[in-house]
Amino acid sequence: MNRHDALALAGAYFDGGRFFDDLARRVALRTESDTGSTPPALADYLTHELVPRLAPLGFDCEIVANPAPGGGPFLIARRVEDPRLPTVLSYGHGDVVSGQDALWRDGLSPWQLVARGERWYGRGTADNKGQHTIALGALEAALEARDGRLGYNITWLIETGEEAASPGLEAVCAQRRHDLAADLFIASDGPRVRASRPTLFLGSRGAVNFTLRLKARERGYHSGNWGGVLSNPATVLAHAVATLVDARGRILVDALRPPPMSEALRRAVATLAIGGGADDPELSPDWGEPGLTPAERLVGWNTLEVLALGAGAPQRPVNAIPAEAVAHCQLRFVVGTPWQELERIVREHLAAHGFGQVEVEVTLSGAATRLDLDNPWVGWALRSIEASSGQPPDLLPNLAGSLPNDIFARVLGLPTLWVPHSYPACAQHAPHEHLLAPLAREGLQVMAGLYWDLGEPHAPWRDGALAPHA
C-alpha cells in the first residue's frame, strides 16, 4: 500500500460510521475534572475505553497514578518497533469541563453524541475527545497501510486533568522522562484559525490569572448616611484597574508588554484571517494595541483582560457602600514576557500610582512557548498537510490560547507541532459544544498523512537534519 491508501483507509473509518460510534462511547463517559472531585469516569475512560483501543495496535499500556492530590490518572502507552528508531510523542486529554446539562436545548445533552447536519454535539467533541479520536483513527489507518510497521516508535500520553490546569502533568513528565523520551511531539488540541483550512501551530501563549482585592472595612454602610465620607473600594479598584489597561484594551504597564515582533513572525501571520465565520463574533474596531493587525494582536502580542468584577450584591443592589471589591484579571502573553514577575510588577505599578493598598495574588500561571519558525519540522509538516488536504495550511506561530505545551518543550525538550481539528465557534467549555463532521473527516486524512510521512526517508530525523534521541 501507499500514502494514498493510508488516506483512503482514514476516510473509510469515518464514512463507515466507526468514528461516530467510537466518539459516541467516549462522549457518554462523564469525565468532568473541574468540579472539585475526581470522578471514577476519569480512570474508566483510560482503562475501559483507550487501553482496549491501543493494545491491539501493539501498545504497552500503563495507568500512572497522579502525584498531585486529587488529580486524575494518566495513561502512558508505548509502541516500540526498535529502540534504535526515532520516536514521536503524542498527547490528548480525556477529561472535559462540567457538562452544564440544564443549559443544553433542543433535545441535546452533553453526554450523548447527536448529529444535526454537519454539527455533532456533545461535551468533549471538540475538546478533546473528538481530536484524539481523530488521531487514533488516523494512526490505525497508517499502520494498516504500512502492513503493521510504522518505521518509528510512538508513545501516547493521555491525561485526565487538563481542564483543571493539568495537575501532576509536569511531575509525571519529569519522573517518567525516560519512558516519554522522544524526538518529536505531535498532538491535536485547540481550534483552527478558520474551519475551511487546516492549521499548524507551534506553541501557545502563556497565561497568568491574578486577583486584585481591596478591603476597606468589615461591612458595608448605608450610602445615604455615609456616602461622601467613606471610601468606596469598588470605585478605587476601578481606577486601579484603569492604570493597568486603558479603555481600548491597550496594556499600560511597560513590563507586561511583549518584546517587538520579529519580521519572521509578522510574515507568518500576515495572511491569517481572524474571524469572519458564521458564528464568529464581530471584531471590535480599534481595540487593543494600536498599529497592529488583528492577527498580530491575537498571536504576537499580550492582552490583559478583566475576567470578572465584584462588589456589593450585583444581582440585587442595595443602598450601601460595599466593604470590599475584587477584580479577577488575566494576562495572556507571548514568549519573552517576564510573567514570573507579574505579582511584583503589578504591585509596584499600583503603588507608584497611589494604589498600594490593593492586594495582588497570582492564582494560576503557565509559560508561553513557540517552536522556531525555521525549524526543519515546520516546513515538513506544512508540506505533509498540504499534500493531504489539497491546500496550504494556516501557520500559527503560537495558539492565542494556552496549552501545557511548555511542559513538552521545556521539561522533555521536544520540538512541538499541533494540528487542531476544531474551529473557533465550536462552543468548547459552553453548552452546545460540537465538532464539524467535514472537518473531522479531513482531519483524519491530514493525520494519516503525517503518520505516513514520518516513516518516509524525507522526514527530518532521517535525512540528517536532526539526529534521533537514541
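Helices here are DSSP runs of H or I with at least four residues and strands are runs of E with at least two, numbered from the N terminus. This is a predicted model, where local features need pLDDT of at least 70 and side-chain atom pairs count only at pLDDT 80 or more, while totals for chains, interfaces and linings use all residues. Residues are numbered from 1 along each chain as its sequence is written, and side-chain values use heavy atoms, with hydrogens and water left out. Here's a quick tour of some helices.

**Helix α11**

- Helix α11 (residues 376-389) has 14 residues and spans 21 Å from its first C-alpha to its last, close to the expected 20 Å (1.5 Å times one less than the number of residues).
- Trp377, Val378, Trp380, Ala381, Ser384, Ile385, Ser388 and Ser389 of α11 are buried (under 20% relative accessible area; exposed is over 50% and partly exposed in between, with a 1.4 Å probe and protein chains only).
- Those buried residues line one face of α11, because they fall within an arc of 165° seen down its axis (the arc of the directions from the helix axis to the C-beta atoms).
- Arg383 and Ala387 are exposed, on the face of α11 turned away from its buried side.
- The cover over the buried residues of α11 includes α1 (3-15), β7 (184-187), β8 (199-201), β17 (394-396), β18 (416-418) and α13 (437-453); contact means heavy atoms within 4.5 Å.
- Just past α11 comes glycine 390, with a positive phi of about 80°.

**Glutamine 445 in α13**

- Glutamine 445 sits in helix α13 and is buried, at a relative accessible area of 18%.
- Its contacts, leaving out residues up to four places away in sequence, are Leu7, Ala8, Ala10, Gly11 and Ser388.

**Helix α10**

- In α10 (residues 342-352), the buried residues include Leu342, Ile345 and Val346, along with His349 and Leu350.
- Seen down the axis of α10, its buried residues fall within an arc of 125°, so they line one face of the helix.
- Packed against them are β10 (206-215), α7 (233-242), β14 (324-333) and β15 (359-366).
- Glycine 354 follows α10 and has a positive phi, near 85°.
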